[in-house]
Each structure stands twice: as structure tokens, then as C-alpha cells.
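Subject: Structure handover and findings

Dear colleague,

I am handing over the structure that we spoke about, and I would be grateful if you could read the notes below alongside it.

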Amino acid sequence: MPPLEMPLLEYDGLRVELPGTARPILDGVTLSVAAGEAVALVGESGSGKSVTARAALGLLPSGARTGGQVRVDGTDLVGADAARLRAVRTGVASMIFQDPRAGINPVRRVGDFLTESLRLVGGRTRAEAEARALELLTAVGLPDPARHLRQYPHQLSGGMLQRVMIAGALTADPQLLLCDEPTTALDVTTQAEIMAVLGQLQRDRGLGLLLITHDLDLAAATCDRIYVMYAGRIVETGTAADLLAIPRHPYTAGLLGSSPPLEGTPGRLTPIPGAPLSLAEAASGCAFFARCRFAQPGRCDLTPPVLTSPVLTPPVPTLPVPAPAAPTLVACHRADELIEENR
Ligand SMILES: Nc1ncnc2c1ncn2[C@@H]1O[C@H](COP(=O)(O)OP(=O)(O)O)[C@@H](O)[C@H]1O
Ligand SMILES: [Mg+2]
């Protein structure tokens, strides 16, 4: 029997806890990205998305107690030595951050930024590195790349600079691209362009993509599967189509109701009341309890719900629905009742 294909990126019960806090930053995060698959991690600010993304490069907050595993191409990065981490960072995974200006030296030319790692990691000559840098800038859709190679970061707009950063992430020929809110610092038009570039690269190069965003609609437009994170836990996961059509967790439904749709006229937006749990607040039961309009005291606040497959199927009797490629999992004590209520 052929071996089952190993995911490119696999979190297995990752737990990250800082001393002096009331709850872990991450609590049992299990998530996978297969080679060539686009996956999104969605949640409000402070939910633990960036800590999750950085863990895929072996970067964990200093002083944190950790548990579980993060495997990249089969190598566990939790507690890995420097040589293993370097091998992953220079050959398998690359990261793109929210603010492109924070990741580039303002007093060096764009060309030097790109060719430096091409020469260091790829062992290319100067001419080879420059040719490759031109190819990469063309691949990310930068017009007149030869001129931009000679420019300084301040001469480029935010959107152009984010394209340079994406080209920079591609210098190591990664199999996995980690994008942490790659368009949050950009204006709306530029956001759409950058997402189009990322989607195109992901498909053309068969990259595994982990897209981190607070925007569920953006996630669904770009990714095959979605994980929804709340207070350091995955509360729902499934295919993008399923999650948007039938959000099972009240938090997922809340995220959908609180952001305008990408297309069409926005209906009434309903913000989720209250604020996310800080690290100083512990939850005895469901962490979403205090903000959930379906919460039942004496039940939802007693034990934390675990991720399980919902028993009840949603009320879509008219068309035969093909079995989804990834089953929905939800961590809500009332997930089945809520589907029943909507019948
Ligand atoms: N290095 C660190 N030291 C202390 N706290 C941290 C560190 N990194 C993240 N945190 C805390 O962990 C929580 C999750 O952070 P983060 O992953 O950045 O959230 P998100 O990216 O979803 O907005 C936040 O409460 C944040 O303050
Ligand atoms: Mg973040």
C-alpha cells in the first residue's frame, strides 16, 4: 500500500503558555496544510494567529512553555536545534508579514535586498542573482522590474513593496508560504491585487499556503479550507464553501455577520458584542461564552467544548450535496441544537 501523503505543515496539539498568564496563548492547536493546498486561519486580533504562524518557522515567544508538535515537511520544530530550523527557513517555508516596510532595510536598494539572499542561499553569482531577481519581480507583477531593482524602499508604494517582499519570500524556492495578514496594511484596491498575485503564485507553483487574516470572506475567496481560531483554540474548521454556507459555531457566524461581503451590496452588519478574552482572563468552559447569544449558563461555562464532527446535517433537502472534501469540525456544546433550531 502506498504511504499516506504527509502534510507539508502539521500542527499537532500545539500549546504555548507564558508564565504569569491565566490561559495559554495557544491551546491544543491542530491544523494541517498539504502540499499545494491553500488554507486560511481566521480570527480576531489577539486570538493567536501570528504566534501560530511564527511557530511554523520555529519561532516561539521566549520563556514560553510549549507542548505538542509543529512538523514542517516531517521535521518537528518545537525544540529543534538551529541547524534544523535554518534548513526549514531557507529551503521549505517562507513568511510574508503585514507591514512590508518593517521587513526591509530602508537605506539599501531593493535589488540588494533580493540578490543578497539569492547569492547567500542559492550560491549564485551576482549576474545570476540579478537575473533571478528580475524573474521574481516579473512573477509578482511589478512593472519595469529593472528600474525597481535600483530603487530604495521609500520610492515604492506599499503595494509595490509588498510585491517585493513576496518576491523576497520566493528567493528560497519555498514549498510553503506563510502569509500573516499580508494585505491589512494596504488600501482596498491594492489588497485585491496582492491577493490575486498570491493566489496566482500559489496555483502556478503548487505552493502550500497558510493565509492568516481576520477577514472570513477574504479567506473563503482564496482558500480551500478554513480554520477559525478563538482565544488560542480552533473552534471550527471545514471547507471554505461549507463554512460560509453553514457556519456551525456562533463565533464563525458572528464573523460572517460582522464583515461586509467582498461582492454585492452589504446587508446590515452586526458586530460581535464584547471583546475577546485577554491572556489575563481564564475561561472555565467555552471561551466564547460571555459573547455568545446562544450560551447556556450551567452548561457552556462548565467544560471547554472539544472539536467534534457535528451529528446533524444541515437543512438543504432540495439538492443532493456532494460529500465535502474535508469534514466540518466544530467546538460548540450546542452546535447540533443550533442546526436543529434553524430547520
Ligand atoms: N512574545 C510574546 N510575549 C508575550 N505575549 C505574546 C507574545 N506574542 C504574542 N503574545 C500574546 O499572545 C496573544 C496572541 O497574539 P497574536 O498571535 O499576535 O494574535 P493575532 O495575531 O491573532 O492578533 C496576544 O494576547 C499577545 O499579546
Ligand atoms: Mg497577528
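The notes that follow go from the overall dimensions to the sheets, the cores and a few individual residues.

This is a predicted model, in which local features need pLDDT of at least 70 and side-chain atom pairs count only at pLDDT 80 or more, while totals for chains, interfaces and linings use all residues. Residues are numbered from 1 along each chain as its sequence is written, chains are lettered from A and ligands numbered from 1 in the order in which they are written, and side-chain values use heavy atoms, with hydrogens and water left out.

Overall form

Along the principal axes, the C-alpha atoms fill a box of roughly 65 × 50 × 45 Å. Of the 343 residues, 46% count as buried (under 20% relative accessible area, with exposed meaning over 50% and partly exposed in between, using a 1.4 Å probe and protein chains only). If one takes the contacts (heavy atoms within 4.5 Å) between residues at least 6 apart in sequence, 67% of them join residues at least 24 apart.

The chain is divided into domain 1 (1-92 + 174-264 + 271-343) and domain 2 (104-171), with bounds that come from an automatic or database domain assignment. The C-alpha centres of the two domains lie 31 Å apart, and 13 residues of domain 1 are in contact with 12 residues of domain 2.

Sheets

The secondary structure comes to 11 helices and 11 strands, which are DSSP runs numbered from the N terminus (helices H or I with at least four residues, strands E with at least two). Strands are said to pair if DSSP finds at least two bridges between them.

Seven strands form an open sheet of mixed pairing in the order 6-7-8-3-9-10-11, and its edge strands, strand 6 (93-96) and strand 11 (329-330), each pair on one side only. Within this sheet, strand 7 (residues 176-180) and strand 8 (residues 208-213) pair in the parallel sense over five bridges, with Leu-210 in strand 8 as the bridge partner of Leu-178. Strand 9 (residues 225-230) and strand 10 pair in the antiparallel sense over six bridges, and Ile-226 stands opposite Gly-238 in strand 10. These two strands form a hairpin with two residues between them, where Ala-231 in the turn has a positive phi of about 50°. Six of the seven residues of strand 10 (residues 233-239) are buried, so this strand is largely enclosed by the rest of the structure.

A further open sheet is antiparallel and contains four strands in the order 2-1-4-5. Strand 2 (26-33) and strand 5 (75-76) stand at its edges with a single partner strand each, so one side of each is left without a neighbour in the sheet. Strand 1 (residues 9-17) is joined to strand 4 (residues 65-72) by seven bridges, and Glu-17 stands opposite Arg-65 in strand 4.

Cores

The largest nonpolar core has 55 residues, and Leu-137, Val-140, Val-164, Leu-177, Leu-198, Ile-226 and Tyr-251 have the most contacts inside it; such a core is a set of buried Ala, Val, Leu, Ile, Met, Phe, Trp, Tyr and Cys residues joined through side-chain atoms within 4.5 Å. Its largest share, seven residues, comes from helix 6 (residues 158-170), and the core draws at least three residues from each of domain 1 and domain 2. A second, separate core of 34 residues includes Val-39, Ala-55, Val-72 and Val-78.

Individual residues

Not counting residues up to four places away in sequence, Val-140 touches Arg-163, Ile-166, Ala-167, Leu-170, Val-197 and Leu-201. Glu-37 lies in the loop between strand 2 and strand 3 (38-42) and is buried, with a relative accessible area of 15%. Leaving aside neighbours within four places in sequence, the contacts of Glu-37 include Ser-32, Gln-202, Asp-224 and Arg-225. Leu-256, in helix 10 (residues 250-257), is 15 residues from Pro-271 in sequence and 9.6 Å from Pro-271 in space, C-alpha to C-alpha.

With best regards
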